[in-house]
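The structure is shown first, and the description follows.

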Amino acid sequence: MRFVAFFIKLISVINMRLFALLLLLAATTSVLGQQKIKGLVRDNETNQPIPAAIVIYNNQAIITNNYGVFELLLVTTKNKLEVSSNGYLAKEVLITSKNDVLLIFLEPSNILMNEVQVIGLSTQRKTLNSPGSIGTITQRDFDRHNGVLLQNTLNLLSGVRMEKRTATGGTRIVMRGYGNQTNNNGIGYKAYLNDIPLTDADGSTTLDDVDFDNLGRVEVFKGPSSSIYGTGIAGVITMFNQKAPLGTSLLQSYVAGAYGLRRTNTTFGVGTDKTNLLINYGHQVLDGFRMHHRSVKDFLSVNADVYNDEKRSFFVYGSYTKTHDLLAGQLDSLNFLNHPDSADADYIKNNALVAIESARISLTQEYKFTDIFSNRTSVFITTQTINNPLGNSFAKAYKNKFGARTAFTLSTHFGAKPARLSFGGEVYKNINYQKTYAQTAGILGNLIADYELKPITWSTFAQLELQIDDKTTVTGGISSNYIEYDITDMRTTTATYKNSTGKKIFTPIITPRIVLAHKFSENNLTYVSYGDGYSPPNMNQVIITQLGSINADVQPERGGNFELGTKGNAFNKSLTYELSFFTVEIADKLVSQSFSAANGLPFYTITTNAGTVRNNGFELSFNYALMPPKGIINLFRPFITYSYYDCKNGDYKSDNNNNQFTRDYSGLKVTGVAPNLLNIGFDIETKQGAYLNVTNMFTDRMPIKLDNTSYSPAYNLLNTKFGWRNMAVGIKPKKWGFDVYAGLDNVLGQRNSQFTFLNVNAPTGQLPKVYNPGAPNATFYLGVSTRYVFK
């Protein structure tokens, strides 16, 4: 019996130890089967982290932190997770590696506009939480039109007006009534494409060689963004090319329409958690409705993003463009109304045109030193060849531009208060060779000008955002800006010509910016801000031709922008709104001043600073997104934007001579500014894929002469587009996608001037030629796009 009792006890001890061993093995197996992995959720367009994204894995919900990071225990039997966030398309992700950081990119839905992330201010915030008047154009907005004419999309934003001198080029952009001081390329604002400054070192901006049809995103910062970008009284425009969808894909699109419109795109894309590659070739032809108005453009671009790891990302962009835009010249008021398809005879005789061949390349690195400290640095180079015969001259230019930009961002605390510090610098230089000849009836004449121009600009900037309490933030920033013009006149001094070689070093310009923002609720942000900007004189305004010298006294125009605004959401974020009031005080306006021959000097004219202008106004925008859960309608999105301007001259005269010929324009309306701009429209999408886009843009009449005696007429542009689309990129992208559509622009057939020359005087007995008319009749187009995703 004792032996039996001992044997039973021995068996019991062995069983207990065996059971403990089995428990240990089970626990070990469980731990091994639940390896912890780290993930990072980012915006596919901006590469910025998405905080508060929801990750569903193994029937559990995990929320990303403020840096878009999440962690989870990996179960061996579960290899998929689903990620979603407000304002983005949900996405299903296959887990293929347990060792690497899981990088997940979400496509913005671009429906709830205040949920869209802002790139340009280095704040990593959504529009709602970014104080300032910011207009954002996403792919959904581009899809309202055929993509060829950016003004049909950009002009729907409040406070912005884009004008075109040719069928598809000669761009001038006016923001808050500023930017139309010349009748040529844009001034007063700064533009970037994939981190490359499109604005030259002398402050002028040419957009003729930008492929608007390949853009995926545009941000417009109205008013000076001086603590980040330095210059720009009117504001800053940042543009970004499209990104490739998930997988390996090939897209082919074709658009054809009235007046010989033809546009093709062939696009190859690769989108993974490590790489985003998009290669696009586009060919575009538009004969135009006017005589001598044909436009031919070829575009090739490569956009490659490499996400090396959670710390480092590289972005490479390269492009080649060749454009050939014929110039029809301006029309007087009679021909504008009765013969809008006609052209200036001198322009035809001289075969006036703008032909550009350009190449751009940039390399950008984003590096995250820690969770709170990061850097983004870009280097770039651009080269352009420009041929530009006009009505009585022929200009040829070779332009080279290179430079770099770096910006550091530190998220820290001042005491217990969260703060964000951004600082950095930017430098770029042009090396331009420009010749101008006289030309009559296509016959080249004498050399008029031959210059080697080397303008350079550099700036340093810093901006500090300090959260005073849970609802109030104050932002202060400043930039130091330096400009030099190195001018070499290649012509020798003769009895009738004086060489103008010299250097102009401008006084350094300090531009501050301060913003006070308060959140009255989670769905509202109200702010008040002040910022300075400047616009430098161009090269011709610096050279005194008659004296063969450099204008030592001329300085940039200065502008101070005061703004009070509010933005927010309502009705469960279905309604977004923005309202801003502003005053722009512009000082040191550039005007001419003439001097009589005296003391051995000939008669000469200079540009001097001697005028003031005040632009007052307000801007309003509403956007509503209705997405019924039942029925055939998937989305109904009406919108309205409105801009009102009261722009008046202060102390402003025709010149600074102050004699009997001087005209005083003080108190009169600023030319080229329509007091009312109203845009309304709606988008309808069905669950089956049918859609309809309708927009109407009203432009009020505006003064076009300094004495306010002549006005351009008001007009409405009603545009519509309808089609059938099946290119879903949500949780389960489709192998085949297509988009078939038709559109009609200027449905009402209204006369309109797409670019009006300002302050033009005509010889006695003649009407001034100022109008570049847009198509006066309704114009149609048809298009089809098809995409195949290989995997």
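## Aromatic pairs and ring contacts

W458 counts as partly exposed because its relative accessibility is 29%, where buried means under 20% relative accessible area, exposed over 50% and partly exposed in between (1.4 Å probe, protein chains only). The model is predicted: local features need pLDDT of at least 70, side-chain atom pairs count only at pLDDT 80 or more, and totals for chains, interfaces and linings use all residues. Residues are numbered from 1 along each chain as its sequence is written, and side-chain values use heavy atoms, with hydrogens and water left out.

Searching the whole structure gives 20 aromatic pairs. Rings of Phe, Tyr and Trp (its six-membered ring) pair if their centres lie within 6.5 Å; planes under 30 degrees apart count as stacked, over 60 as edge-to-face and the rest as tilted. W458 and Y482 form a stacked pair, because their ring centres are 5.4 Å apart and their planes are at 15°. W458 belongs to strand β26 (residues 443-467) and Y482 to strand β27 (residues 472-489), so the pair ties together parts that are 24 residues apart in sequence. Strands (E, at least two residues) are DSSP runs, numbered from the N terminus. Y482 is also partly exposed, because its relative accessible area is 29%. Elsewhere, ring pairs link Y367, F369, F373, F408 and F423 into a cluster.

Two charged side chains lie over aromatic rings, as tabulated below. The criterion is NZ of Lys or CZ of Arg within 6 Å of the ring centre and within 35 degrees of the ring normal.

| Charged residue | Ring | Distance to ring centre |
|---|---|---|
| K504 | F506 | 5.0 Å |
| R701 | Y711 | 4.0 Å |

Strands pair if DSSP finds at least two bridges between them. β5 (residues 80-84) and β6 are joined by 4 bridges in the antiparallel sense, and K80 stands opposite L94 in β6.

Another open sheet contains 5 strands, ordered β10-β15-β16-β13-β14, and its pairing is mixed. Strand β13 (residues 189-193) pairs with β14 in the antiparallel sense over 2 bridges. Y192 stands opposite P197 in β14.

A nonpolar core is a set of buried Ala, Val, Leu, Ile, Met, Phe, Trp, Tyr and Cys residues joined through side-chain atoms within 4.5 Å. The largest has 40 residues, and L154, I173 and L207 have the most contacts inside it. Strands that each supply at least two residues of this core include β11 (160-164), β12 (171-175) and β38 (633-649). Leaving aside residues up to four places away in sequence, L154 touches I137, V160, M162, I173 and V220; contact means heavy atoms within 4.5 Å. A second, separate core of 19 residues includes I50, A53, V75 and L81.

V354 lies in strand β22 (residues 353-368) and counts as buried because its relative accessibility is 13%. Its contacts, not counting residues up to four places away in sequence, include D208, T323, H324 and N387. The C-alpha atoms of V354 and C647 are separated by 33 Å, and these residues are 293 apart along the chain.
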